[in-house]
Amino acid sequence: MKTGLMRVALCAAGMLLSATAQAQVPPTFGDERIVAAREAVRKGDRDTLDMLASESGPHVLDPYVRYWRFVNVLARPEQPPPVQELEAFLRQETGTVLAERLRADWLRRLAADGDWTGFSALYPDLQNPDSEMRCTAWTARLMTGDTSALDEAAQEWRSLDNAPAACDTVLSATHATGRVDDDEVWRRARRQADTRKPDDALLSWRWLPADIAPAAADAEQALRSSAAWLDRLPANFAVTRAGRELALAALTRIAWQDARLAHARLLRLQDRLSGEERGEIQAVIAMHAAIDQMPEAMAFYRATGKAELTPSQRAWRVRAALRAGDWAAVRTAIEIMPESERQQPEWTYWLGRAHAATGRAEDAEALFSPIAAEPHFYGMLAAEELGQPFALPSAGDPPSVPPLDEAENDPALRRALALYRLDLRTEATREWIWALRGRDETFRLAAAHLALRNELYDRAINSAELSNPRANYALRFLAPYRELIEPQVHMQGLDLGWVYGLMRQESRFVVPARSSAGAQGLMQVMPATGKWVANKIGLRGYHPRLLNDPSTNVLLGTSYMRLILNDLDDHPVLASAGYNAGPGRARRWRDDKPLEGAIYVETIPFNETRDYVKKVMANAVIYGAMFEHRPQSLKARLGVIGPRPASE
């Protein structure tokens, strides 16, 4: 029976391997067993896993088969963990990513079983605990009588607003024991109401004493039917703290939809709120007005008085001032930031611009100079303010042979290469990242060359970035598939540097790359977008599977870039924003007046798109310098964004 099962499993694995493996290296003996084990753990097929794990072999990935079996075993609540086997595996695999992952899996099982003593004994060896595991460790200490865990949680209280459910026990106990007072719970709920997960505030309110906590039904209505709930507010709602807090939460939720409407509602209620409460809700409304690019945002910010702003509220105060062209307000908004925020490159640059605009040239230069050598968006802009367009430094020497040998023989990198060969990219990337932890610049650079040799372009780029983010341009800005890309670029009349800059940001040149939203391939084309573009350009026989074909993907991606350029003033900044967030949004984010390109980028409402456009445009400058062999101007590429047409 076992032999038959094994034959079926290996046959299926062979079919999967031949269909999915992308590597240039021929399959190694035993590959089918590894792929079969991965498929078995995916399906929860314990019989096949047990059988494959019993057939140990010399394959470099043999520990994965045993690890996957342990994953399956630990997921069975009816079966006690095999302690001796687990301990033996951790000893054998000391220092590997598999030991780290198995330890985390075992810790989760111990927590689920309520074995807090066992958890506390195992936890200290976990090297990279996430927030969930850290909170579970606090809970374990609390359950075993160590109340100092509550002191640590209290110190990190404000950083845990969006903490996972594993943190609930210790955070609740932190409040229940008086280490955090009721005011902090109310403030936590306010901050949670101003997120994409406002229902988190419901849990925080439940931590409060029953005599002051809001009624559960009222709390849910305030968050989920905010306008209707405010319309039904009794005249004496402000008599209790709960009544005022729910009103603030409802106003916050309205501000997410319409900051003007929230402000109008506030004007009707503000006389019954304290000065602190008015200031805090004004700050919420002002930030959402700034995000929505409303001209009233500056007036709303002025109405906040001395309210303590959150980091996001402070950032959007600067952006609102930039959008308004009020350089004095830009300077003030940055200068009142905490030092840790003020020293971030974006605020260093914009404060320098504010000084320059208000006649303080020496102060501006003093701010531009320290970041001008940095090869990122703000460093390039700062350098140009000093008259220094971006130019590539001279190429560095390739790594010597001994470091390359060290990388080739590194066990984690060898496992990563084997996993990439089997198209197990998630596990492979995890191994690669683990291999570079704590390693010196020379080893990381050697790893980058090793990745390039194996056509793992994303690993080559990332490893070179880790080695030295100010050098190694030939590795950090690879230009593969040029024989596919350049003809399409010329056909579409696009800028080659910009296309490569966008593609580098989209996929890092990974052919089978796929985003959580479903975008695919080198240029991360969505299936619906691919179909639309195919119809536009007359491409017959389109099917979403073609998005994984590099030639078709590049054809559709570059055609889409040309189509949205045509629709967006032929401006690469607008088109970059449109490629990421949709052309309609990019169009709406324009102003009623001409807007400096850098200010348009800085005031993009979506954090992801704002960061994306900055990186695409900086990438384009670097690729332009590489392809054209001359200095490049980021400011010229950013240009000026024309105003919205009156019809819009």
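1. Helix axes here are lines fitted to C-alpha atoms over the stretch in contact, and angles between them run from 0 to 180 degrees between N-to-C directions. This is a predicted model, so every value below is computed from it.

2. Start with helix 6 (residues 97-113) and helix 27 (residues 425-436). Their axes come within 10 Å and cross at roughly 110 degrees. Angles of 65 to 115 degrees count as roughly perpendicular, and helix 6 and helix 27 are therefore roughly perpendicular to each other.

3. Who makes this contact? Helix 6 supplies Val 97, Glu 100 and Arg 101, while helix 27 supplies Arg 430, Glu 431 and Trp 434. By class, the contact of helix 6 with helix 27 has 4 charged residues, 2 nonpolar and no polar.

4. The largest nonpolar core has 202 residues. Phe 119, Trp 205, Trp 350, Trp 432 and Tyr 600 have the most contacts inside it. Helix 38 (residues 607-628) gives the largest share of this core, 11 residues. In soluble globular proteins, nonpolar side chains tend to be buried together.

5. Take Phe 119 as one example. Leaving aside residues up to four places away in sequence, Phe 119 touches Leu 107, Leu 110, Ala 111, Met 133, Thr 136, Ala 137 and Ala 140.

6. Is Gln 84 buried or exposed? Gln 84 lies in helix 5 (residues 83-92). Its relative accessibility is 69%, so Gln 84 counts as exposed; the cut-off is over 50%. Gln 84 and Arg 453 are 369 residues apart in sequence. In space they are 41 Å apart, C-alpha to C-alpha.

Methods. Residues numbered from 1 in each chain as written. Predicted model: local features only at pLDDT ≥ 70, side-chain atom pairs only at ≥ 80, totals over all residues. Heavy atoms only, no water. Core = buried A, V, L, I, M, F, W, Y, C linked by side-chain atoms within 4.5 Å. Buried < 20%, exposed > 50% of the residue type's maximum accessible area, 1.4 Å probe, protein only. Helix = DSSP H or I, 4+ residues; strand = E, 2+ residues; numbered from the N terminus. Contact = heavy atoms within 4.5 Å. Parallel < 35°, antiparallel > 145°, perpendicular 65-115°, else oblique. Nonpolar A, V, L, I, M, F, W, Y, C, P; charged D, E, K, R; others polar.
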